[in-house]
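Dear colleague,

I am handing over the structure we talked about, and below it you will find a short account of what was found. Please keep it open beside this message as you read.

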Amino acid sequence: MLEDFEKYLSKYVELTPEEFSTLSSLVEIRNYDKRLRLIDIGEEEQYLNFIVKGLVRKYFYKGRNEIITQIAKEGDVINSSVSFLSGAPSTYVVETIEPTTFISVSKHSIDKLYTLDTKWQRAGRLITTDLLMQKEYWELDRLKYTTKERFVRFLTTNGDLFQRVPQKYLASYLNIQPETFSRLKHFLRKKFAETNI
Amino acid sequence: MQQPIDINVYADFLFQFIQKFGKISREEFNQLIPYFQMRYYDKKTVMLQKGEVENYLSVVVKGLVRKFIRVRGNEITLQLATEGHMIQSEVSFHTRTPSDVILETLEPVALISMDYEGVQEALKKIPVAEQLGRLIVTYMFIKKDSRYYSQLKNSTRERFLEYMSMHPHMLQRVPQKILASYLNIKPETFSRLKHLVRPVKEK
């Protein structure tokens, strides 16, 4: 289970076996059933969560509507990031879609790691930079591409999520009206059938 | 325009700026100084064109820079950076890929910048740099998230009032259609909302 997490971290820093075992002693394995909240609005985020197995979404409320800003699967990290980084109460809900197993590192543990070695500071910097890049891409994609293009891009890069994620969640995440989403799905299915005879 | 001024003239400004992110000593700060440089641009000058790779992280000392993207014939403003704000094409700088966004000055601008190589070298050689870098990126992440959050969550009127109360002078410094684009408000709606704020009297 920890190997996946080690692989994830190796994208950012090279850890010695000793360093990884220091980290391993600080992480918590957390299991959640489906449709459970890891954090609610107003709470302070204490964890950074790496997903070993399962599916999770992050959203906020606009009136009664849920606006989904992230859908995370195996190998992704998710938390209420601003609350985690700033200590402010969360304005987001993080909730499982499927039963999910997390490797979670608490804020307390991360602060402890930061005092041990500059390498952990480096990992923190690179991971946060990556999260910033994801945010930038998310914004630029929304501006650059039309609704149809966003739909096709998501389908080609995250085909597996189409099977796993309820359609209304995907529509919210891609900022596409549910009716438009259905229309695009049928349009593409037809197109796909035509080109693959 | 102006003659390049020694970075040391702005050392106190820069020291104050960096303290926002993390407490560092004057000694640690002095180690960083050689990595910074001043850059100057006239108004209405493109600092970074679409397709170029961003080579600098910059903080505005004086003036105003606009970040925007051209989409299907429209210019969408993404950031308006004034004194004390950081401005760069983040994705291009970090990923070393051609920039989607364009940086253009609206006023004559003085910047304190560190180039990509300088950043990499400072990270290697100066112990406090990793922590500082992490805190700066963290700060940028939080700022970015709150902008998206406000764009998605708040109504047009709320966005307008929130921005105008926090940045009352921008109405004088920035053309209306650019402000409207930044706040994602239609120009006609923006004109209508303007009566909600009284003009700020310059002293």
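Please bear in mind from the start that this is a predicted model. Chain A is divided into two parts, with domain 1 covering 2-144 and domain 2 covering 145-197. If you take the C-alpha centres of domain 1 of chain A and domain 2 of chain A, they lie 26 Å apart.

The two domains also touch one another, and the contact involves 11 residues from domain 1 of chain A and 9 residues from domain 2 of chain A. On the domain 1 side of this contact, β5 (65-72) and α5 (118-144) of chain A each supply at least two residues, and it is β5(A) that gives the most, with 4 residues. When the residues on that side of domain 1 are sorted by class, 5 are nonpolar and 6 are charged, while no polar residue is found among them.

A second contact joins the chains, where 25 residues of chain A meet 24 residues of chain B. Which elements of chain A each supply at least two residues of the side that touches chain B? They are β4 (56-62), α3 (81-86) and α5, and of these α5(A) gives the most, with 17 residues. By class, the side of chain A that touches chain B holds 10 nonpolar, 8 polar and 7 charged residues.

Best wishes

Conventions: Residues numbered from 1 in each chain as written. Chains lettered and ligands numbered in written order. Predicted model: local features only at pLDDT ≥ 70, side-chain atom pairs only at ≥ 80, totals over all residues. Domains from an automatic or database assignment. Contact = placed C-beta atoms within 7 Å. Nonpolar A, V, L, I, M, F, W, Y, C, P; charged D, E, K, R; others polar.
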